[in-house]
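The following note sets out several points for a colleague examining this entry. Please read each one beside the sequence and the coordinates.

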Amino acid sequence: MKTQAVLFTAVNTVVLGDVEVPEPGAGEVLLKAAFTGISPGTEKRCLAGLQEGAPEFPYVPGYSFTGIVERAGEGAQIPLGARVLCAGTSKVLGANRLWGGHIGHAVRRAADVFLVPDSVSLKAASIATLAAIAYHGVQLACPKAHERVVVVGLGPVGLFSARLFALSGCKVVGIDPLASRQNLLESAVASIDDARKLLETGADIVVDATGVPSVLPQAISLTRDLPWGDHNERGARVIVQGSYPKDFLLPYNEAFLKEAVLYFPRNCQPRDVKASLDLISRKKLIVEDLITHTFSSAQASEAYAALGDLENPPVAACFQW
């Protein structure tokens with residue numbers, strides 16, 4: 001069937017164009033889009049032509065799609081009308097896919113979609129994948145209630161990380177130069193130097209959610225020192241949640257002396273998505289205030305231009321279909 005999709009057709013060129021998706025086969029469902037969440041850092045990098053392994057233009061970007069089950073293939077164990085979240089379409093004709101999220105209709109295996117609880121709006125669920133990415137990093141860190149956490153970069157993944165660590169009982173400090181983002185976290189400062197003054201002895205966990213290679217060494221410097229001699233302490237943990245287009249250098253000596261442990265979360269797992277939807281449904285994790293901009297699918301070009309606003313970019317944004 002014919003549908004529309006946001007298409008990256010060349011570097012820094014976005015259009016809303018016509019594509020086709022096939023009818024659902026055995027075990028598959030056809031989904032009608034409601035909202036699709038924009039991942040600011042990743043999608044800006046893709047649009048700039050810097051994404052490793054990206055297909056040839058044109059392609060359908062995005063990886064967080066919410067909608068309604070419109071048709072089901074044989075054996076698909078999901079009711080018509082069900083409200084769901086998935087990564088996007090797995091099949092499309094007329095364009096390539098880079099995940100295939102920003103599309104008006106999607107075909108997906110029923111086993112690969114998540115039911116959205118009735119208490120969660122499809123708009124809120126459209127950025128639940130970003131929450132799940134942050135949740136995965138928090139789980140890797142194994143936080144303890146007394147620990148001090150610094151989150152560098154308060155985009156959606158950074159803010160979700162900060163809120164999730166706070167739910168674990170940790171004392172959280174956020175860092176972002178934009179006052180509008182600082183206002184979304186109770187304890188936030190503008191700079192690395194401000195955070196050092198607050199921490200005094202350093203952080204137990206540092207989350208880098210910037211995607212800026214030059215910032216990561218500064219983030220590592222915020223970790224606490226580890227004493228020498230016999231003790232049962234472990235080094236601080238660094239969660240590299242930023243998304244990077246290529247390899248970069250790390251400050252080996254400082255990380256070595258602190259015996260820092262670095263984690264590089266690989267996206268998220270299905271259980272992370274389910275856990276995030278559950279937290280959102282129980283009002284433990286607040287989402288709605290992070291979606292600062294909602295665009296119609298026809299405003300695709302304007303949406304990505306807004307992401308490039310250096311003074312007041314969206315925190316998180318979505319397309320409404």
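**Notes on a predicted model**

1. By class, seven nonpolar, one polar and three charged residues form the lining of the second largest pocket. The model discussed here and in the points below is a predicted one. The lining residues are A162, R163, A166, L167, V172, L184, L185, E186, S187, K284 and L285. Helix α4 is the largest contributor to this lining, with four residues. The space in the second largest pocket amounts to about 160 Å³.

2. The largest nonpolar core holds 49 residues, and those touching the most other members are I127, V149, F160 and F165. Two or more residues of this core come from each of β3 (28-38), α2 (122-125), α3 (128-141), β10 (148-152), α4 (156-167), β13 (205-208), α9 (270-281) and β17 (316-320). The largest share, nine residues, is supplied by α3. In soluble globular proteins, nonpolar side chains tend to be buried together.

3. Which residues does I127 touch, not counting residues up to four places away in sequence? They are G37, S64, F160, V287, L290, I291, A316 and A317.

4. Six of its eight residues are buried, so α1 is largely enclosed by the rest of the structure. The buried residues in α1 are P40, T42, E43, R45, C46 and L47. Against them pack β1 (2-10), β2 (13-20), β3, β4, α4 and α10 (300-307). After α1 comes G49, which has a positive phi, near 80°.

5. Q51 is found in the loop that runs between α1 (40-47) and β4 (59-60). Is Q51 buried or exposed? Its relative accessible area is 18%, and because buried means under 20%, Q51 counts as buried.

6. Neighbours within four places in sequence aside, the contacts of Q51 are with R45, C46, L98 and W99. Of these, R45 and C46 are among the buried residues of α1. The side chains of Q51 and R45 make a polar contact at 2.8 Å. W99 lies 48 residues from Q51 along the chain, and the C-alpha atoms of the two are 12 Å apart.

Conventions: Residues numbered from 1 in each chain as written. Predicted model: local features only at pLDDT ≥ 70, side-chain atom pairs only at ≥ 80, totals over all residues. Heavy atoms only, no water. Buried < 20%, exposed > 50% of the residue type's maximum accessible area, 1.4 Å probe, protein only. Contact = heavy atoms within 4.5 Å. Polar contact = N/O pair within 3.5 Å; in protein donor to acceptor, adjacent residues only side chain to side chain. Core = buried A, V, L, I, M, F, W, Y, C linked by side-chain atoms within 4.5 Å. 1 Å grid on protein atoms, 1.4 Å probe; cavity = no way out; pocket = protein on both sides within 12 Å on 5 of 7 lines; lining within 4 Å. Points joined across faces, edges and corners; volume = space filled by probe spheres on them. Nonpolar A, V, L, I, M, F, W, Y, C, P; charged D, E, K, R; others polar.
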